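Dear colleague,

Here is the structure I said I would pass on. My notes follow below it.

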Amino acid sequence: MAEDSQDRVQLQSNLDQITLVTRDAPLSTVLSMMAQQQGLNVVTGEEVSQRINVTLNNVKLSDALDAILAVHGYTWSRQNNIVTVASMTTDRQTAPSVQGSDLTGLIDLLKSTNDTKTLASPKVAVLNGQQARISVGGTLGYLLTTATNTITLQNVSFLFYGVVLEVTPIITDDGQVLMKVAPQVSMARINATSKLPEGESTEVTTTVLLSEGQAIVIGGLIVQYYAIRDVGSFILTL
């Protein structure tokens, strides 16, 4: 148990839970005491001098940081035993868990340095152990001709092309998500000579382990055909 009588901060930990009571205490002091008690290091991008009033009983350290910092316009991330605190910009007022990879900043960076555009932002709810599929693209129609001695039949068939993402999540006992991810980017065309469909695709299959609130970016799926280039990138947020 730690206590700062001057700033009226009381901090107590029990296993992975903490209890925190502050009255008009500087945010920097609260963060410093939390870091010392949990054996962590804190790095801030600017002075965090706001004075706060907090009452938290038996909450996880991550939940406490979310609650304290989000109210005052900050976000945080952790790498090993280092906690980094930074301010949210006015156009990114989202929960710290959505930012623990700064996806908005990453997308802005890609748009400023590459020929990047957002095609769609689909969302899907997935059951534990069940596969979900998101597809954004189109279908290419073509004629199939069947000829016999007496009759000729024509049928229209379709070939899908575009961006596809298949995910199969498995929730572990400790609350993490083991997820099989299979993204695909494909193109289709009709051969000018044979009149038959032709397709090209780039696929990746991998398995990732994420905690709740974390996100991953899958990029680099490129299909190039003549002067046309389509790049597939996916952002998954749990």
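In which strand is Phe158 found? Phe158 is in strand β9, residues 152-171 (strands are DSSP runs of E, at least two residues, and helices runs of H or I, at least four, numbered from the N terminus).

This is a predicted model, in which local features need pLDDT of at least 70 and side-chain atom pairs pLDDT 80 or more, while totals for chains, interfaces and linings use all residues. Residues are numbered from 1 along each chain as its sequence is written, and side-chain values use heavy atoms, without hydrogens and water.

Phe158 counts as exposed because its relative accessibility is 56% (buried is under 20%, exposed over 50%, partly exposed in between, with a 1.4 Å probe and protein chains only).

The search of the whole structure gave 4 salt bridges (a side-chain nitrogen of Lys or Arg within 4 Å of a carboxyl oxygen of Asp or Glu). Asp24 pairs with Arg51, with the closest N and O atoms 3.1 Å apart. Asp24 sits in strand β3 (residues 17-26) and Arg51 in strand β5 (residues 51-60), 27 residues apart.

Arg133 and Glu166 form another, at 3.3 Å from N to O. Arg133 belongs to strand β8 (residues 132-147) and Glu166 to strand β9, so this pair ties together parts 33 residues apart in sequence.

Arg189 and Glu198 also form a salt bridge, at 3.4 Å from N to O. Salt bridges with shared partners join Arg189, Glu198 and Glu200 into one network. Arg189 is buried, at 18% relative accessible area, whereas Glu198 is partly exposed at 29%.

Regards
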